[in-house]
Every structure is written in structure tokens, then in C-alpha cells.
Amino acid sequence: MSTPEVLLAVLRRGPAHGYDLKRDHDEWFPDGRPLAYGQVYSTLARLERDGLVEVVETRTEGGPERTVYAVTEAGEAHVQTWLSDPAPAGGGSTEEIVRKAIAALRTGADPAPFLVAQRAAHLRRMRALADEPVADPVAGLARDHLVAHLDADLRWLDLAVARTSQATTNPAAPVGGTR
Amino acid sequence: MTAPNEDTAIELVGVEHAYRRTVALRGVSLRVDAGEVVAVTGPSGCGKSTALHVAAGILRPQGGMVRILGRDLADLDETARTLLRRRRVGIVLQFGQLVPDLTVLDNVALPLLLDGYDRFAARTAARGWLVRVGLDGEADTPSAELSGGQGQRAAVARALVTGPSVVLADEPTGSLDTVGGEQLLDLLLAAARERGAAVVLVTHDNVVASRADREVRLLDGHVATEAVLR
């Protein structure tokens with residue numbers, strides 16, 4: 001996960017404390033999982049240890065002490081490299097929907113009810129996203145990515161239904177791509 | 001004679017239809033309530049376009065029953081079917097089906113002109129819809145000169161100009177890019193919602209399907225699954 005780099009990118013806009021970083025992160029990715037405060041502070045501690053951020057101020061504004069962090073030159077270089085390097089193109093962790101379908105097939109269970117229910121769940125999620133438009137066009141890009149992924153999953157689910165039903169009607173046919 | 005109950009906008013019961021050698025629909029039953037948006041999806045050749053043509057009364061099925069707004073199509077003569085379709089049903093077909101020699105404005109005004117509206121009233125209403133679909137600059141362009149996406153927008157305007165109670169659309173955003181397609185779909189659904197109209201969207205596009213209240217998935221001429229999405 002790239003949480004440290006995203007926090008560094010947030011800090012490029014100016015020094016901030018953990019609360020600001022969490023709030024900005026969650027605003028940037030409104031459909032993503034919100035950052036836990038514990039994760040923010042543990043990440044900041046690691047970034048400080050590695051010399052990528054530094055403490056520039058400790059504020060007490062009538063409440064608990066707040067530590068203000070700023071990105072260092074090394075942190076700036078790190079985030080610049082991260083922004084320009086391509087991310088790994090797929091091949092990462094296998095999604096749970098794939099795991100469930102494969103597990104069903106390998107154990108002789110019928111995957112069709114799961115595939116059909118999953119299709120409906122994906123469409124419902126897409127619909128919920130469409131019902132809550134994102135006003136900020138930059139945050140909308142993260143939304144577009146999520147919708148594109150849901151769409152890709154749905155295409156895979158259709159393919160899985162077609163391939164598994166083919167295998168059921170013709171047991172000799174392997175479940176897999178044609179060559 | 002009592003007025004038909006229009007709570008159910010479209011009802012297909014056990015509809016069967018075959019083209020020469022290909023069976024397109026094998027006992028399809030489908031019900032769409034007033035105000036409901038239903039996506040009909042499925043792989044190519046599953047019968048979804050045939051189902052839409054049957055629901056529109058364009059295609060007379062070889063078996064089963066079709067009701068539009070509570071009226072059994074088998075009980076209506078050709079004139080009554082045409083009037084029902086023209087006044088109460090808005091249809092967007094896959095390739096626009098505009099009259100190529102007419103201007104965009106006259107294409108959109110056509111359903112009203114055919115229904116006896118005077119030219120000024122029909123054109124005024126049509127102009128309003130051209131503004132809504134972003135084609136006001138093309139009012140006087142012969143429709144043959146439109147791009148595929150512009151043609152689809154004009155077809156949507158023509159389908160909505162009569163204020164229909166049922167909107168049937170076959171791949172309504174197929175020729176448009178993602179953003180243009182979303183905008184046109186928003187417009188179509190908002191217009192339908194304003195009137196409490198039922199909408200049937202035949203589509204292979206998951207994003208379009210996800211905007212429906214319910215998905216009916218066809219496979220090999222029959223209803224394979226149904227899912228409530230709202």
C-alpha cells in the first residue's frame with residue numbers, strides 16, 4: 001500500500017498535523033477505506049525515522065498537544081520518484097471473488113449461485129456510487145477507477161458463468177481460455 | 001368501458017418468437033411497473049432486442065401475451081396500436097432510426113406532427129428538447145449529417161418529446177463516449193422520473209445496467225436471473 005507516499009504528497013501542500021493528514025487523505029479518496037488515526041501516527045513515526053518528514057512545531061491550542069510535520073528534501077525526492085514510477089501492472093493479490101469461484105469449482109460445488117449473487121452485488125455498488133455523485137473532479141477520478149474495476153469484475157463474472165456452464169454441459173471441455 | 005389499469009406499464013407473459021431458424025424468445029415473462037427502471041441484459045443474441053421490439057408493439061410475437069399500460073395488444077387493431085405507441089411510448093432504437101432527409105428539428109418534432117399538433121407548437125417543443133440534449137446548434141442540420149452520438153441524442157429527444165409513460169431504449173448510449181453516455185442517460189432517467197414513466201433499458205453496458213432499479217438477465221431466449229438493484 002502507498003499510504004506513506006500519499007501522506008508525503010499531502011504534506012507537500014504545507015506542514016500539517018496527523019488530524020489534517022487523515023482528513024485530507026479521506027477527502028482525496030472518498031470511496032476508499034478511511035485512514036485510522038493509529039495508522040496515520042505510526043506511518044508518520046516511520047517516515048520521521050527514515051528522514052522523510054520532520055517535526056517542525058508542537059502546538060497546544062487549548063487541547064492536547066499536536067505535532068506538526070513537514071516533508072524533508074529526502075521526502076520530497078522520495079515522493080517525486082513515487083509519482084513518476086509506474087505501479088506494478090496487475091498480478092498482485094488474487095481477488096476474493098476469484099478465490100471463491102475457484103474454490104467452489106475445485107471442491108465440486110456449483111459456483112453459479114455465488115456468481116449470480118456477486119453480479120447483483122457489484123451492480124448495486126455501481127448504482128449506489130451513481131446515486132452519490134462526487135462534486136470534486138479530482139476525487140471523481142478515483143471514483144471512475146473504482147467503477148472501471150467493478151465493470152472489469154462484472155465482465156469476469158460473465159465470463160466465469162459462460163465458462164462454467166459450458167463445462168457443465170460438456171464435461172470434457174476444460175474450464176479455461178481457448179488457444 | 002372502464003379505463004385500463006396503468007400501474008403495470010409493460011407486461012410480457014410467456015412470449016415466444018422465432019426468426020426463420022433462430023428461436024429468439026422462449027417463454028419470456030417480464031413485468032415493468034409505472035415509474036420503474038428495468039435493465040434487460042445478456043450476451044449478444046440472447047433475445048434482448050427482440051424482447052424490446054415485442055414490448056414496443058413493433059414486433060408481433062408468435063406466442064404469449066403483451067400488455068402495454070394495461071392494454072392487451074392482441075385486442076387492439078393496427079391503428080389503435082400505432083396511436084398507443086406514438087402517444088404513450090417513447091422508443092430509442094440502437095441506431096437512432098432518424099429520417100435522414102429531415103432536419104434534426106423536424107425529426108424530433110415528427111411524433112407531435114404525426115399526432116396533429118400544429119407545426120409551430122411541435123417545433124417549439126422539439127427545440128426545447130434539442131437544448132436539453134445539447135443539439136440546439138444542429139436544429140437545421142439534415143439528420144443524415146449527424147455523427148452516431150449526435151444521432152443517438154436526437155433519438156432520445158424524439159422519444160421524450162411526447163412525454164411518454166413508457167420509454168424503451170435499445171443501447172441508448174452505445175455510440176457515445178463515457179461522459180457523453182452518462183449525461184444522456186442522466187437526462188433520460190430524469191425526464192422519465194419527472195413523469196413517473198417506466199423505462200426499459202436494453203444494454204450490454206454494466207454501467208448503464210447499474211442505473212436501473214432491477215436487472216433482468218436473458219440467456220438463450222429465456223429469463224435467466226432477476227436482481228433488485230435499488
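**Entry 1. Helices against the sheet, chain B**

I began with helix 5 of chain B, which lies across strand 6 and strand 7 (166-170) of chain B. I noted that helix 5 runs at about 170° to strand 6 of chain B. I record here that the model is predicted.

I then turned to helix 6 (residues 178-195) of chain B, which lies across strand 3 (37-41), strand 7 and strand 8 (198-202) of that chain. Its direction is at about 160° to strand 7 of chain B.

**Entry 2. The open sheet**

I looked up the sheet itself and found six strands of chain B in the order 6-7-8-3-9-10. The sheet is open, and its pairing is mixed. I identified strand 6 (89-92) and strand 10 (222-228) of chain B as the edge strands, each with pairing on one side only. From one strand to the next, the twist averages 15°.

Strand 9 (residues 214-219) of chain B pairs with strand 10 of chain B over six bridges, in the antiparallel sense. Within this pair I located B:Val216, whose bridge partner in strand 10 is B:Glu226. For reference, strands of a sheet pair through backbone hydrogen bonds, either parallel or antiparallel.

**Entry 3. One residue of helix 5**

I selected B:Gly149, which lies in helix 5 (residues 148-160) of chain B. Is B:Gly149 buried, exposed or partly exposed? I classed B:Gly149 as partly exposed because it has 17 C-beta neighbours inside 10 Å; burial would require 20 or more, and exposure 12 or fewer.

I next listed the contacts of B:Gly149, leaving aside neighbours within four places in sequence. The residues found were B:Ser175, B:Leu176 and B:Gly180. I also checked B:Val92, which is 57 residues from B:Gly149 along the chain. The C-alpha atoms of B:Gly149 and B:Val92 are separated by 13 Å.

B:Glu11 has B:Arg67 of strand 4 as its bridge partner.

I continued from strand 4 to strand 5 (residues 71-72) of chain B, where two bridges join the antiparallel strands. Here B:Ile68 stands opposite B:Arg71 of strand 5. Strands 4 and 5 of chain B form a hairpin, with two residues between them. In the turn I noted B:Leu69, which has a positive phi of about 50°.

Key: Residues numbered from 1 in each chain as written. Chains lettered and ligands numbered in written order. Predicted model: local features only at pLDDT ≥ 70, side-chain atom pairs only at ≥ 80, totals over all residues. Helix = DSSP H or I, 4+ residues; strand = E, 2+ residues; numbered from the N terminus. Contact = placed C-beta atoms within 7 Å. Pairing = 2+ DSSP bridges. Axes fitted to C-alpha atoms, helices over the stretch in contact; angles between N-to-C directions.
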